[in-house]
Each structure stands twice: as structure tokens, then as C-alpha cells.
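Thanks for coming. I will go through one structure today: a sheet, the relation between the chains, and a ligand site.

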2 protein chains.
Amino acid sequence: MDGDIALSKVPGKGWADRAVAQAGKPVVSRKTVGRLSLYRRLLDNLRGTGTTHIYSHQLAHLAGVSAAQVRRDFMVIGYSGSPNRGYHVDTCLASIESLLDGATRQDVALVGVGRLGRSVLAHFAGRRPLLRIAAGFDTNPGVIGTTIEGCLVHSMDDLERVVAEKGIRIAILAVPPETAQAAADALVRSGIRSLVDFTAVPLHVPDEVFVDHMDITSALESAAFFARQDQGTPPMDNGVDNGSEADMFPMI
Amino acid sequence: MDGDIALSKVPGKGWADRAVAQAGKPVVSRKTVGRLSLYRRLLDNLRGTGTTHIYSHQLAHLAGVSAAQVRRDFMVIGYSGSPNRGYHVDTCLASIESLLDGATRQDVALVGVGRLGRSVLAHFAGRRPLLRIAAGFDTNPGVIGTTIEGCLVHSMDDLERVVAEKGIRIAILAVPPETAQAAADALVRSGIRSLVDFTAVPLHVPDEVFVDHMDITSALESAAFFARQDQGTPPMDNGVDNGSEADMFPMI
DNA sequence: CGAACGCCGTTACGCGTTTCACAAGTTACC
DNA sequence: GGTAACTTGTGAAACGCGTAACGGCGTTCG
Ligand SMILES: NC(=O)c1ccc[n+]([C@@H]2O[C@H](COP(=O)([O-])OP(=O)(O)OC[C@H]3O[C@@H](n4cnc5c(N)ncnc54)[C@H](O)[C@@H]3O)[C@@H](O)[C@H]2O)c1
Ligand SMILES: NC(=O)c1ccc[n+]([C@@H]2O[C@H](COP(=O)([O-])OP(=O)(O)OC[C@H]3O[C@@H](n4cnc5c(N)ncnc54)[C@H](O)[C@@H]3O)[C@@H](O)[C@H]2O)c1
């Protein structure tokens, strides 16, 4: 895997690494994007409950991060809340979504429509209008041609053609480990830009391609290792920062 | 001194962050454990090909990390290779496994035996003798009582009892998001120590419990975000460190 | 035989991220 | 009006972690 270092593009040197780059394009690290995605879900749920404003430490508590982290993340994307009302849920949400979702819809390819693939498919079906799993690919003749959760499964032979036709730039890889690298190669050839990989194999792809490795094996083995240690989660956890533990949620 | 100036060397908190703790128990970071799990799989495959020795830069290439990283990781766990032969696959593997696997078998509980749960089950079935998914739990009456991949599915009502009986300290959480926190609470009550969470919800558990969050939604949204950026993963990749790019694999 | 090479172990360093801490602002209440 | 109690925003320290670099040591070849 490629670790999880951020992606800052430092052109010169010192430079304003945080905040917005001059071209309006904010430079956001990988981890920050992941948290923003989480904040978005939380705020979305929150809006359903009629909440209109929220403080950083409240959102932090929901997200399981520190309050300073929340404020910093919002600073990175250039969103400001009122000093005493906290963050306005609607505008905050809009600000995050304008960054995470693009202006146009992005289609995703799912390579390997097995158990895991189907689970992912079901989970994402119709959840984000601007992020749609638009095509499946497999080698199993029994699956090719069928439509699962509104997603048509193609043959792997058609991968490059379909990906090009639909302008797909994101792929989810859920094939058996042995065929993972070959499938990744095919995806790269067809011009993929981002890859979410579920195989246990570290893929070799060009540096321009973003890869996120969801290594379930490592996760479980890590869990097993730390289950034997005295303490579970040594590093960061709930930063109280300010405010009491009690009456955390009067919330308007 | 490390950073810039020796400011606070307070023994209470600064502490020896790296290296081994004095009690022979190595202090290994979460990320290092994850990489060791990866090395282990790679070395295991490698052994199948008859390879007996491997250099740090070769293993690094396979794992997609830098050679210095591999050497440091092995230093952390106290394994040394021969200066000129590289690392001996068998002994290295034994060293990693003695750290990752414990002395005794660890049983794992799978909570939520749906599509995702079944996929995980199939993936781990009989793969690690010392890490076994020993019990499933679900609320669906159609699933309770059945045996899937050699794993008997119990009712959620029996969770605390079965977990206690089997001495389970590790759990995989794959239930619908709405019920995730309640299931986590039940697991914590029954004395769980580690949790691999697949729901999109940030769980609130005591600090002693290790939690690894596999957030597929964030992963995909991050992938979508970076697919729109100009470059994908610019920073470090293949650490050449030394040695040429060509003839990377003469290998014995 | 010795010198040059290649790899390992280790230490020091640098970078990215997180947290601390405080100025500035806003509201509410006396 | 004044002040007390909250916020947010943000510079700067602290921290975690990966990388560069150097010494050491076997091997190999001149
Ligand atoms: N299930 C997990 O939780 C888990 C954990 C770790 C890793 N993984 C990995 O995820 C992958 C998928 O797991 P799964 O449970 O869905 O397996 P699965 O066997 O149910 O599904 C694999 C699918 O890939 C298809 N396929 C096979 N070869 C292919 C190829 N060359 N090109 C395209 N499609 C191909 C198969 O037809 C099948 O539909 C596996 O690599 C597994 O190791 C899964
Ligand atoms: N599938 C993915 O890739 C993906 C991605 C992100 C998140 N998730 C999450 O993973 C979870 C499982 O996904 P899935 O596709 O397997 O869903 P699923 O519906 O196929 O399986 C859920 C299982 O949990 C059981 N269940 C329901 N309530 C329960 C309870 N209170 N206690 C115990 N078991 C209960 C159900 O009977 C079912 O068997 C979901 O929360 C989903 O959001 C999955």
C-alpha cells in the first residue's frame, strides 16, 4: 500500500500548505477528506432531526474526533461558523458537499460482482445521486448480462470499452486476489483515476492513480494483536478540549 | 532531541516513543502492525515459490513501501537479517507470526451475518489456524441456527453468554447502521477487546477497546474527490533507496 | 590481500497532522 | 453599560511517522 500520506502539492516551498490555494482549489489531505465525508453523513442525519446549528465539540463528539480537529477541518475548506451560534447545518453541509461532490455526476465501475461486490452495490444503490455505480464487470458467465441493484454486469472483455464510453474514472476492485493485479492493469489502461481496492494484494499502479486499500485481513489481524495488549487504543481519542462531559446535547 | 529545540523533556509524557519498551514487550504502532500483516502474507507466498532469502528493497517493492520502512519495521520487532544475504524468509516469517499470532488461538465473533458478513466469513474460513471466526450472531430467524462456512449462527440474545463461554475478545461488526451502536454496546458489555467495524457509524466505546473502522463510504467518496484532482498520489512511492530499478528480482 | 561494493541496523532529521492555547467576537444577564 | 461565559479562528508547539544518511560487516573481485 502507499501508506496514507496526504497529498499536498507544494509547488515552491514554505507556501501556504493549509487553507486555500490561490486558484480557489483547496488543498485537502486524504485524511481530511475522509473526515469531511463523515461529517457530511452526520450533518445529514442531524438535519433530519430538525437541528439547525451545532457546535464544534458536539459534532466532534458525534464523529469521535477532537473539537479542534473539526474546527481545523472546516478552516481548511474555508467554511466559517458564527462565533456564538456554532455552525449552521445547512450551509455547512452545502459547503462540504460542494467540495466532495463535484459539479457533475461521477460514475463508478465495480469489478468483481461477487458477495462483497454485491454488498457494496446494495449499500450504495441510490444513496448519492452524484456518485453512482454505473457498471459491473465479471468473468462469471452466470452473472454477465444480469442487472443487480440497477447495475448491469458486463464481461471483463468489454471493460475498456464501457469505461471509456461512460467516462468512468473511479473503480471498486473486488475480485479474487490472484486476478487483482491484472484487473487493475486493465483499469489503468482504460484511464481510471481512482481505485478502491478490497483485495489483500498491494497493487502496482502509476503514481497518478489514487488508491485506497481496504485491507480486511490486516484489520482483523491488527485487531487480534491489540486485543492481547493491555490497552486498546493508545493514541488519540475524544478530545474534550473545552466544555463539560455532561449536558453535551441541549442542541437548540 | 528531535524536533527543533529541546523544550519539554518531561519524563511523564514525552516518553520513548519508538523502540522497545523495557519489559521485552515491543511497542508497535497500529500502522506497523498493519504492514507486518502484509509482509507476512507476502513472505508466505514467497516461501511457496521456493525463495529462501529476500532483500529489504525487494520486499519493499512487493509491499509498495520504501526499503527503509521495511528495515525499520523489522527493527521494531527485533528481527535481524544477515548483512549480505538479506532476510531469511522462514525465520523472518516465524518472527512476525510469533508477534501477530499469539501463543494460543483467538476466537472471533461475527455480528451481522448478511452479505458482507458472509463474504468476510468465506474469506477467512480456515485461513489462519490461530484466528478463527468461531461464532456468528444475527437477529434474522432464518439465519439463526444455521452453520455457514463452519460457523454456527446464534441469536443476538445469546451474545453475551456465548462470547463469555468461548472467551471471545475480538468481534467483526457488520450489522445495519441503525443497530450498530446497540450491538457494540452489547459486545462491550460482554467484555470484547477489539472491534472491526464495517458500519458507517462512528462507535462510542470505552478507550480500552481497540476499534478499526472500515469506512467504505468515506473511501469511495475520497476516491471520487481525488479522481477530480489533477494528480492522484504524488508523494512517496517506490523507494529506490539504493540499487537500480532493473534486475529487481534475481532472487537467489 | 585489500579495496570496493551491497546490504543491514541505527540514529537524526524533516514533514504532515493534531492538539494546545489564546485573541477576538458575540450573546445574555445583571 | 459592564461583565461573564460561551463560542470560533488560528498561530505555534507537540507528536507520530517515514525517510535520508551513515557506520559496520560480510562478500567478491581486482
Ligand atoms: N470478503 C471480505 O471481507 C474480504 C476480505 C478481504 C479480502 N477480500 C477480497 O475481496 C475479494 C472478493 O471477495 P468476495 O467474497 O466477493 O469473493 P467472491 O468469490 O464472492 O467474488 C469474486 C467475484 O469476482 C469474479 N471474478 C473472478 N475472477 C475475475 C476476473 N479475473 N475479473 C473479474 N471478475 C472476476 C468472480 O466471478 C466472482 O463473482 C476477494 O479478493 C477477497 O479476497 C474480501
Ligand atoms: N456492504 C458494504 O460494502 C458496506 C459498505 C459500507 C457499510 N456497510 C455496512 O455493513 C453492514 C452490513 O452490510 P450488508 O450488506 O451485509 O447488509 P445485510 O442487510 O446484507 O446484512 C445485515 C445483517 O445484519 C442482521 N441484523 C440486522 N439487525 C441486527 C441486529 N440488531 N443485530 C444483529 N444482526 C442484525 C440482518 O439480519 C442481516 O443478516 C451495513 O451496516 C452496511 O451499511 C456495508
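**The sheet in chain B**

In chain B, 7 strands make up an open sheet with mixed pairing, in the order β5-β6-β4-β3-β7-β8-β9. Its edge strands are β5 (147–148) and β9 (210–213) of chain B, each of which pairs on one side only.

Some conventions before I go on. This is a predicted model, in which local features need pLDDT of at least 70 and side-chain atom pairs count only at pLDDT 80 or more, while totals for chains, interfaces and linings use all residues. Residues are numbered from 1 along each chain as its sequence is written, chains are lettered from A and ligands numbered from 1 in the order in which they are written, and side-chain values use heavy atoms, with hydrogens and water left out.

Helices (H or I, at least four residues) and strands (E, at least two) are DSSP runs, numbered from the N terminus. Two strands pair if DSSP finds at least two bridges between them.

Within the sheet, β4 (residues 131–138) and β6 (residues 151–155) of chain B pair in the parallel sense over 3 bridges. B:Phe137 has B:His154 in β6(B) as its bridge partner.

**The two chains**

Helix α8 (residues 216–228) of chain A lies across β3 (106–111), β4, β7 (170–173), β8 (194–197) and β9 of chain B. The helix runs at about 160° to β8(B); axes are lines fitted to C-alpha atoms, for helices over the stretch in contact (heavy atoms within 4.5 Å), and angles run from 0 to 180 degrees between N-to-C directions.

How are the copies related? Chain B superposes on chain A by a rotation of 180° with 0.0 Å of shift along its axis, RMSD 0.1 Å. The two copies are therefore related as by a two-fold rotation axis.

**Ligand 1**

Where is ligand 1? Ligand 1 lies between chains A and B. It is surrounded by 20 residues (a heavy atom within 4 Å), the closest being A:Leu116, A:Asp138, A:Val175, B:Ser119 and B:His123.

A backbone N or O atom of A:Leu116 lies 2.8 Å from an oxygen atom of ligand 1. For B:His123, a polar side-chain atom lies 2.9 Å from an oxygen atom of the ligand. Finally, α5(B) gives the most to the shell around ligand 1, with 3 residues.

Key
Copies are superposed by least squares on the C-alpha atoms of residues with pLDDT of at least 70 in both. A polar contact is a pair of N or O atoms within 3.5 Å; within protein, one must be able to donate a hydrogen and the other to accept it, and residues adjacent in sequence count only if both atoms are side-chain atoms.
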